[in-house]
Amino acid sequence: MITVEGPFLAAIIARLPEPKINLAAHGVAFAFALLVEAPVIMIMSASTALVENRSSFQRLRAFTYGLNAAVTLAMVLLLVPPVFRFVSHAIITLPDEVARLSYWALWILLPWPAAIGYRRFYQGILIREGHTRLVAYGTVLRLSTMSTTGIVLFATLAPPGTFVAAAALSAAVCAEAVASRWMARSSVRRLLGTGGEGLQEPGRSLSFRRIVDFYYPLALTSLIALAVQPMLTFFMGRAPSPLESLAVFPVVVALSFVFRAAGLSFQEVAIALMGKQFERVRELGRFALWLGLAASTGLGVVALTPVADFWFETLSGLEPDLARFAILPTILLVPIPFFAVLGAFQRGILVVAHVTRPITVATVLEVIGIAIVFPVLGWKLGMIGVTAASVAFLVGRLLSFGYLIAPCLRVLRSAAQSSLVVPSRPESS
């Protein structure tokens with residue numbers, strides 16, 4: 001359901017004045033917001049995997065609140081005018097109007113990172129408790145708030161489209177954060193009523209050191225992964241057709257995200273259902289395979305048929321020349337949903353085993369692949385920026401997926417061997 005946000009907001013922006021500039025500015029502002037938000041993204045996985053009792057709940061909650069404060073401060077520092085001017089003009093070389101709109105949109109998005117971290121902490125608890133339906137209810141509220149805010153601003157004030165999108169997103173995530181805490185109230189009461197050790201292994205109480213050791217590879221992974229969109233924004237600003245590429249890129253990403261979203265959800269599903277000894281890994285693996293194939297098939301149906309014209313021109317409201325820019329990059333991204341689901345399955349295996357460092361290495365390889373492929377295609381060979389971005393993104397994802405195969409197999413082999421060890425029965429005295 002969250003995947004509705006991108007296409008909906010792009011459609012509103014496209015129907016307000018100066019759509020090309022505002023779509024570009026929205027893409028830039030959203031890319032920065034994602035980058036600042038990155039350290040809190042994996043809080044849901046941490047909450048699902050680690051919160052077992054009162055002590056672990058309180059310590060991970062304190063860790064989450066501190067992380068929320070840190071990312072909000074980072075966003076404020078980015079918005080210091082000399083800092084933002086350096087980033088937007090000296091590094092990314094944005095057009096002046098795009099930079100101006102992005103700057104004020106980021107102020108509107110200031111609550112975004114902390115609200116994301118807060119609600120993902122409580123959503124992880126809901127997932128661990130098996131209350132996934134409540135997570136969906138929160139998403140319904142988020143979408144309702146987002147669409148209502150967007151439509152009201154569109155119909156009454158008609159501000160720049162970038163500001164409409166930013167206000168709708170901020171209002172939506174704040175509403176979902178409040179709702180997530182309220183829906184988790186019974187689970188929180190139960191956790192606060194448990195003892196300090198609860199279900200955890202002896203000697204494995206959740207210290208802050210253990211939280212940091214577990215979490216920082218995940219946080220670094222999401223930071224590196226979400227740096228991809230700002231990095232590609234920077235690259236496209238220096239490649240052929242920069243304004244068109246910046247305008248089309250968020251629309252293409254939003255469409256692919258509709259089908260990639262299954263992978264984002266599947267990681268938490270795998271963590272919750274895998275079993276500590278990986279009892280259900282085969283069933284989850286088969287499900288991931290078919291889900292990934294279905295997701296890529298769905299994107300292929302849109303990208304390779306006349307549905308693409310309907311999506312980009314009628315629903316998204318792009319002008320025909322911009323819609324033509326969007327079709328080839330979308331076709332190139334067709335395999336991405338498949339690898340998104342399978343990659344989530346791989347990460348789920350490693351998180352259950354508390355082996356999170358390979359996830360970071362895989363993400364670094366993905367970013368390095370993108371950082372190498374795009375300049376070659378876009379700067380050296382003159383490929384249109386948004387098309388080069390799609391090719392680079394696909395190559396990077398293949399590198400990440402390929403690297404994680406070996407660590408996952410090692411974890412599963414180790415679990416299989418340990419399950420074969422049957423403790424001997426002690427002799428009676």
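Where is the place of Ile327?

Reply: Ile327 sits in helix α16, which covers residues 320-332. Helices here are DSSP runs of H or I with at least four residues, strands are runs of E with at least two, and numbering starts from the N terminus. The model is predicted, so local features need pLDDT of at least 70 and side-chain atom pairs count only at pLDDT 80 or more, while totals for chains, interfaces and linings use all residues. Residues are numbered from 1 along each chain as its sequence is written, and side-chain values use heavy atoms, leaving out hydrogens and water.

Ile327 is partly exposed, at a relative accessible area of 23%. With a 1.4 Å probe and protein chains only, buried means under 20%, exposed means over 50%, and partly exposed is in between.

Now its partners. Set aside the neighbours within four places in sequence, and Ile327 is in contact with Ala303, Ala308, Asp309 and Phe312. Contact means heavy atoms within 4.5 Å. Take Ala308: it is 19 residues from Ile327 in sequence, and their C-alpha atoms are 7.0 Å apart.

Helix α14 spans residues 281-303, and it packs against helix α17, residues 336-352. Two packed helices are described by the angle between their axes and the distance between the axes. For α14 and α17 the angle is about 160 degrees and the axes are 6 Å apart. That makes the two helices roughly antiparallel. Axes are lines fitted to C-alpha atoms, for helices over the stretch in contact, and angles run from 0 to 180 degrees between N-to-C directions. Under 35 degrees counts as roughly parallel, over 145 as roughly antiparallel, 65 to 115 as roughly perpendicular and the rest as oblique.

Which residues meet there? On the α14 side they include Val281, Leu284, Gly285 and Ala288. On the α17 side they include Ile336, Phe338, Val341 and Phe345. By class, this contact has 15 nonpolar, three polar and no charged residues. Nonpolar means Ala, Val, Leu, Ile, Met, Phe, Trp, Tyr, Cys and Pro; charged means Asp, Glu, Lys and Arg; the others, Gly among them, are polar.

Phe278 lies in the loop between α13 (242-273) and α14. Phe278 has a positive phi of about 60 degrees, although it is not a glycine. At 9% relative accessibility, Phe278 is buried.

Next come the rings. A pair of aromatic rings is described by the distance of the centres and the angle of the planes. The structure holds 16 aromatic pairs. Rings of Phe, Tyr and Trp (its six-membered ring) pair if their centres lie within 6.5 Å; planes under 30 degrees apart are stacked, over 60 edge-to-face and the rest tilted. Tyr65 and Tyr118 are a stacked pair, 6.0 Å centre to centre with 15 degrees between the planes. Tyr65 belongs to helix α4 (residues 54-78) and Tyr118 to helix α7 (residues 112-128), so this pair links distant parts of the chain, 53 residues apart. Phe338 is buried at 18%, and Phe339 is buried at 16%.

Phe163 is in α9, residues 161-183, and it is buried at 19% relative accessibility. Beyond its sequence neighbours within four places, Phe163 is in contact with Leu101, Trp104, Ala105 and Ile108. Ile108 turns up again with Ser170, whose contacts outside four places in sequence are Ile108, Leu109 and Pro111. Ser170 lies in α9 and is buried at 7%. Glu176 is another residue of α9, and it is buried at 0%. Outside four places in sequence, Glu176 is in contact with Arg119, Gln123, Gly138, Thr139 and Arg142.
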